[in-house]
Amino acid sequence: MSSDRWRFLLHISPAGPGLVYKPVMIAFFDQVLPGQAVREICAAFDRIGFRDGRASAGAQASLVKDNLQAVPDDPVAEPIRRAIGDAIFRHPEFRLAARPRKLSPIMLSRYQPGMSYGAHVDHPISGGDMRRDVSFTLFLSEPDACDGGALVLEDGAGERKIKLAAGSMVIYPSTMLHRVEEVTRGERLAAVGWAHSMVRDAKKREILYDLNVARLDLFEQYGKSKNSDLLAKTAANLLQMWAEL
């Protein structure tokens with residue numbers, strides 16, 4: 001399981017007066033859903049009932065949110081939400097990076113010309129009983145299906161614009177300020193959601209990820225060895241120390 005299958009960015013904010021370096025791990029996963037599944041989901045969007053996305057936003061976020069979201073109990077959307085959630089939760093690289101305990105219900109969103117979602121931070125609690133640690137966006141439409149519509153992640157070092165191939169996904173800490181650029185042509189289709197992680201601290205999740213990537217790469221190259229066993233032991237012990245079950 002080579003690490004070049006996973007595209008990770010370690011974004012370090014520059015330290016200014018009175019500030020410290022703040023590491024933020026943003027992870028990209030290709031082909032979380034196969035192409036045929038994505039095409040079938042996109043075709044089903046025209047049979048799904050949508051409503052104003054502000055219905056699910058908090059008081060502050062609703063001021064800058066302008067999109068459409070699938071009606072919660074829509075009979076066409078519900079099996080699609082479950083299938084996407086299952087695929088994400090089972091994805092081995094996602095599990096390694098996010099350490100998910102559970103996922104929120106998947107939200108299906110669409111942006112048509114003129115729609116956008118201004119800068120906001122996700123509410124820390126989902127549904128009143130689930131902590132949001134990791135946010136994710138699974139892109140369902142291809143990048144050239146619309147002009148604009150990039151997911152923009154913001155921190156002290158600036159902005160990072162993200163538009164991925166259909167079926168690919170980005171994850172990032174739920175504490176990050178982010179927005180969706182205005183769509184000026186075409187349509188942006190996506191599935192979004194949140195993970196409650198067994199490891200609350202993003203820095204600890206990153207340490208576990210690094211250790212396991214090193215362990216798996218070492219095992220791929222040289223097979224079982226004293227060093228790969230030592231890394232496996234260390235990663236397991238840290239997970240036992242940090243996991244909240």
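Predicted model: local features only at pLDDT ≥ 70, side-chain atom pairs only at ≥ 80, totals over all residues.
Helices (H or I, at least four residues) and strands (E, at least two) are DSSP runs here, numbered from the N terminus. Residues are numbered from 1 along each chain as its sequence is written.

**Stop 1: the whole chain**

Start with everything shown as a cartoon. The protein chain has five helices and 18 strands. Its radius of gyration is 19 Å, close to the 18 Å that the globule rule gives for 245 residues, so the chain is as compact as a globular protein of that length. That radius is taken over C-alpha atoms, and the globule rule is 2.2 Å times the number of residues to the power 0.38. Along the principal axes, the C-alpha atoms fill a box of roughly 55 × 50 × 35 Å.

Of the 245 residues, 47% count as buried. Buried means under 20% relative accessible area, exposed means over 50%, and partly exposed is in between (1.4 Å probe, protein chains only).

**Stop 2: the loop with Ser-174**

Select Ser-174, in the loop between β15 (169-173) and β16 (177-180). Is Ser-174 buried or exposed? Ser-174 is buried, with a relative accessible area of 3%. Leaving aside residues up to four places away in sequence, Ser-174 touches Val-121, Asp-122, Arg-132, Asp-133, Val-134, Ser-135 and Trp-194. A contact means heavy atoms within 4.5 Å. Across the protein chain, among contacts between residues at least 6 apart in sequence, 73% join residues at least 24 apart.

**Stop 3: an open sheet**

Next, colour β4, β8, β16, β13 and β14. These five strands form an open sheet in the order β4-β8-β16-β13-β14, with antiparallel pairing. At the edges stand β4 (65-66) and β14 (158-162), each with a single partner strand, so one side of each is left without a neighbour in the sheet. Two strands pair if DSSP finds at least two bridges between them. Zoom in on β4 and strand β8 (residues 116-120), which run antiparallel and are joined by two bridges. Asp-66 has Ser-116 in β8 as its bridge partner.

**Stop 4: strand β7**

Select residues 107-111, strand β7. Five of the five residues of β7 are buried, so the strand is largely enclosed by the rest of the structure. Both faces are covered, with Met-107, Ser-109 and Tyr-111 on one side and Leu-108 and Arg-110 on the other.

Strand β5 (residues 68-70) pairs with β7 in the antiparallel sense over two bridges, and Leu-68 stands opposite Arg-110. Strand β18 (residues 188-197) also pairs with β7 in the antiparallel sense, over five bridges. There, Arg-188 of β18 stands opposite Tyr-111.

**Stop 5: helix α1**

Move to helix α1, residues 35-44, and show side chains. Val-38, Ile-41 and Ala-44 are buried. They cover an arc of only 125° around the axis, which puts them on the same side of α1; the arc is that of the directions from the helix axis to the C-beta atoms. Arg-39, Glu-40 and Ala-43 are exposed on the other side. Turn to the buried residues again, and you will find α2 (77-90) included in what covers them.

**Stop 6: two cysteines**

Taking a disulfide as a pair of cysteine sulfur atoms within 2.5 Å, the count comes to zero. Cys-42 is in no disulfide, and its nearest cysteine sulfur, that of Cys-146, is 12 Å away. For Cys-146, that distance is too far for a bond. Cys-42 counts as partly exposed at 22% relative accessibility, whereas Cys-146 is buried at 3%.

**Stop 7: two positive phi angles**

Gln-31 is not a glycine, yet has a positive phi of about 50°. Gln-31 lies in the loop between β2 (23-29) and α1 and is exposed, with a relative accessible area of 67%. Arg-99, also not a glycine, has a positive phi of about 50°. Look for Arg-99 in the loop between α3 (92-98) and β6 (100-103), where Arg-99 is buried with a relative accessible area of 12%.

Note on methods: Heavy atoms only, no water.
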